[in-house]
Every structure is written in C-alpha cells, then in structure tokens.
Amino acid sequence: MLKIKVCGMRQIPNIKALEALKPDIMGFIFYPGSKRYVGADFRVPDSANIQKAGVFVDEQPDKIKEKVFKNKLQLAQLHGNESPEQCCELASAGIKIIKAISIGNSIDWQSIEAYVPYCQYLLFDTKTDNYGGSGRKFNWKLLQDYPYNNPYFIGGGIGIDDISAIKNHRMPHFAGIDINSGFEREPGLKDIEKIKTFIETLRNETI
C-alpha cells in the first residue's frame, strides 16, 4: 500500500486531529525561510505508529542531528543543496534520510546517483525558489526511467483530484505521496476533512 506523508504540520490541535487519520509520516519544517516553519522552540509531539520527519534546508549536520534526536524523529528530509558527504555523515549517525530532488523539465539521473547509498527514500518535488510548498506539479512521466532501487515519494501540488493519476503511476519503486499546500486552509493549517477524504479514497483505490 502506498505511504501517505503529510508535510508542513505545526499547530498542535491540527496535529492531533491528523493523527486520527493515521497517515504514515508527518513532516515538520525546521527551515526558517518557510511559511510553515515550526519555530525555534517547537517540540514535535509523540505520535504512536506515525513516523515523524524533520524537514531541513542547507542546515549544518550537527544541528540536524540535534533536532532529530531532541524531537525523536524517525526521518530527516533534506530539501536543499546538501552534499552526498553530508548525507553520509547523517546516515553514519543512524539517521534515516529522505533526500528531496527538485524537478524542472528534465532529470539528471547521474547527478543523483551519489546520494543513493545514504538515503532511505528519494522525494521528487517541483523545482521552485522556495523549496517546496508551491502547489505546482512536475511531469511524472520523467520518472519512467527511474534507475535506482531506493523507494521514492512524489510531491508537488498533489490535490484531491490526483487520485487517478497516483493510481496509474505504476512504477515498482513508487512508495508514496507527499501532500502539503493542496490540503491547507492557510500555510501550516491543514484541512482535516479534505485529507480524510483523500486518505480514505486513496487507500480504498490502492488495496
């Protein structure tokens, strides 16, 4: 079954309401430049049976380690221009990595290859100036030549009307989808009923 990751969470009542829907992963953005930044003093609440991912953009590895261990995160999502060497350092510390790859009109698979040994997942998102959350899609057909064994997520502008396209993306390493701005009332505040409909429909469609 496809995994569902809901990113950009930061309000505790909203987080608790989302927990009841049992997404596979919740994402919390620790990048101050994001409209969905959790804030300097935020502590990720415990969520039974839901993995938690911290989202970082060009942050120093030591600070990523500090946030990951302090908040008991299962995953670190690197959404900037982090090097393979930085990924290696984090992986060596026991941190599971989602490496976001920004997609424009083409994909340079060779440039991604050095990251592959250190990443639990790759996440393909639409290239923007603001590191995600744009509400824009990229051409999923670019993934038809995916050459690696790492499972991957698709993000970027996914909405309630994309269930058919998700169902028809029949690639062997397609692990799940990452939803964010398409399910918001405002940045950082998710529409729980809309997500409920999406999750229930997607899971029923992909059993």
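Author: Let us begin with a group of rings: Trp109, Phe124, Tyr146, Tyr148, Tyr152 and Phe174 form one aromatic cluster. The model is a predicted one, in which local features need pLDDT of at least 70 and side-chain atom pairs count only at pLDDT 80 or more, while totals for chains, interfaces and linings use all residues. Residues are numbered from 1 along each chain as its sequence is written, and side-chain values use heavy atoms, with hydrogens and water left out.

Reader: How many aromatic pairs does the count come to?

Author: Rings of Phe, Tyr and Trp (its six-membered ring) pair if their centres lie within 6.5 Å, and planes under 30 degrees apart count as stacked, over 60 as edge-to-face and the rest as tilted. By this rule, the count of aromatic pairs comes to 12.

Reader: Which parts of the chain does the pair of Trp109 and Tyr146 tie together?

Author: The rings of Trp109 and Tyr146 are 5.7 Å apart, centre to centre, with 80° between the planes, and the pair is edge-to-face. Helices (H or I, at least four residues) and strands (E, at least two) are DSSP runs, numbered from the N terminus. Because Trp109 lies in helix H4 (residues 109–112) and Tyr146 in the loop between strand E6 (121–126) and strand E7 (152–154), the pair ties together parts that are 37 residues apart in sequence: helix H4 and that loop.

Reader: Is Tyr146 buried or exposed?

Author: Buried means under 20% relative accessible area, exposed over 50%, and partly exposed in between (1.4 Å probe, protein chains only). Tyr146 has a relative accessibility of 10%, and therefore it counts as buried.

Reader: What kind of pair do the rings of Tyr146 and Tyr152 form?

Author: Both residues, Tyr146 and Tyr152, are buried. Their ring centres are 4.7 Å apart and their planes stand at 55°, so the pair is tilted.

Reader: Over which ring does the charged end of Lys99 sit?

Author: A charge sits over a ring if NZ of Lys or CZ of Arg is within 6 Å of the ring centre and within 35 degrees of the ring normal. The charged end of Lys99 is 5.4 Å from the centre of the ring that it sits over, which belongs to Tyr115.

Reader: How many disulfides does the structure hold?

Author: A disulfide is a pair of cysteine sulfur atoms within 2.5 Å. For Cys7, the nearest cysteine sulfur is that of Cys119, 16 Å away, and Cys7 is in no disulfide. For the structure, the number of disulfides is 0.
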